Amino acid sequence: MKINKTIFVGILFIIIAGVIFISDILNPIVHPITHLFLMGSSKGKDIIFFGLMGALLISTQLFKDFKIDSDKYLKITLVLGSITLTLGILLEVLFRYQMGIGLNTIFMCIGKSISSTSILHTHLLKSIFGEFVTNLIGPFINTEINTGVGLYQYIPSAAKLIILLIPITGVTLLLALRNKRTVQTVLLSFFGCCLLIGALDGGLFSTPAITGICGVFLMLRNGKCIEEIVDYIAGIDKNICDRCKIIPPFKNFKNLIVVLIKRYLPYIVAALIIILRFSIAVIGANTEYYEVDVANPTDNLELNNFSIENVSHSENKTIYIMNSNYNEMELLNDLKVPLNNSCDYYTVSWNIFSYLEPNHPITNMYHSLKN
């Protein structure tokens with residue numbers, strides 16, 4: 001029996017996911033690639049990506065004669081994906097309101113595992129999935145895989161309803177893949193995987209979510225043209241219809257603007273989301289110092305190895321003001337050691353400029369505008 005090439009590739013992807021799950025042998029090869037579109041790719045994300053990608057590719061070859069309007073379901077996928085990503089951010093806002101913590105902070109919980117969440121990279125929905133998977137196959141989960149279960153005890157009840165949109169979006173994506181040609185099938189499967197992973201882990205402002213939602217939009221608006229262009233490059237078809245050229249036919253200058261906006265709208269949307277993402281990061285940044293709020297700290301808590309400028313106490317919190325010279329990521333990682341099992345949770349103000357070299361032109365421009 002001859003195996004369809006798409007099914008063969010799908011099976012290969014699922015095998016890769018299995019190998020990643022049980023060993024680290026593929027990590028040096030896989031991580032540098034998936035890191036580009038999964039934003040700091042972790043072992044857990046890699047497993048989900050390859051497993052889901054394989055399942056989607058295999059599904060496209062099943063019931064091929066099942067006739068449906070796949071473009072209609074592609075539109076539904078785009079709408080559901082957009083709603084899910086938006087609700088994910090609103091959920092993060094609700095969570096912070098209920099917890100009484102600032103929007104421009106990184107929340108770190110100490111529970112079953114150390115987990116974090118923020119407006120820029122939310123893990124609230126991930127914690128529900130992590131709780132489910134942990135209860136299902138907990139003993140088999142590698143310690144390198146962060147399931148985010150530590151956050152589960154804090155999430156608003158609305159999260160358990162919002163997460164249901166992710167599998168529903170997955171079903172509409174499966175239907176949207178019906179009767180597509182090869183290039184559209186592969187690209188839409190890839191973008192769909194990124195969308196589902198981004199909705200679960202990262203939220204609207206994460207790299208996989210932006211890649212996914214804008215990619216699905218791109219395939220909806222320009223999928224057939226992309227197929228034609230690929231055929232032209234590959235020499236399969238030496239003709240590209242007028243509507244698929246870089247600048248489609250237009251009547252006048254005003255019409256040209258409309259045509260270009262329609263053609264390149266997915267890229268415009270992607271740019272706007274990225275601009276919004278960095279605008280929030282910049283506006284919410286505290287470049288003068290780090291504020292670390294520790295909830296219900298133990299009596300023997302010591303942070304002597306950190307450059308602390310001031311300490312204050314409130315009803316159930318100890319507030320540390322720390323030197324801004326720390327790199328944000330290094331500070332978060334270093335704080336995990338003394339604060340693990342020493343408090344209920346803690347929050348850290350963010351500083352996107354800490355990732356730049358001192359006196360970087362961008363940092364200097366920010367300070368001059370601020371002053």
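**View 1. The largest pocket of this predicted model holds about 1500 Å³ of space.** A pocket is an open set of points on a 1 Å grid over the protein atoms alone, where a 1.4 Å probe fits, with protein on both sides within 12 Å along at least five of seven lines. Its volume is the space filled by probe spheres set on the points, which are joined across faces, edges and corners. The model is predicted, with local features needing pLDDT of at least 70 and side-chain atom pairs pLDDT 80 or more, while totals for linings use all residues. Residues are numbered from 1 along each chain, and side-chain values use heavy atoms, without hydrogens or water.

**View 2. The lining of the largest pocket has 47 residues.** Lining residues have an atom within 4 Å of a point. Lys45, Ser116, His121, His123 and Asp201 lie nearest the centre. Helix α5 gives the most, seven residues. (Helices are DSSP runs of H or I, at least four residues, numbered from the N terminus.)

**View 3. The second largest pocket has a volume of about 360 Å³.** Of its 15 lining residues, Phe129, Ile166, Pro167, Leu196 and Leu200 are closest to the centre. Helices α3, α5, α7 and α8 each give two or more residues to this lining.

**View 4. Helices α2 (27–38) and α9 (207–234) pack at about 70°, with axes 7 Å apart.** Axes are lines fitted to C-alpha atoms over the stretch in contact, and angles run from 0 to 180 degrees between N-to-C directions. Leu36, Phe37 and Leu38 of α2 meet Thr207, Pro208 and Thr211 of α9. Contact means heavy atoms within 4.5 Å.
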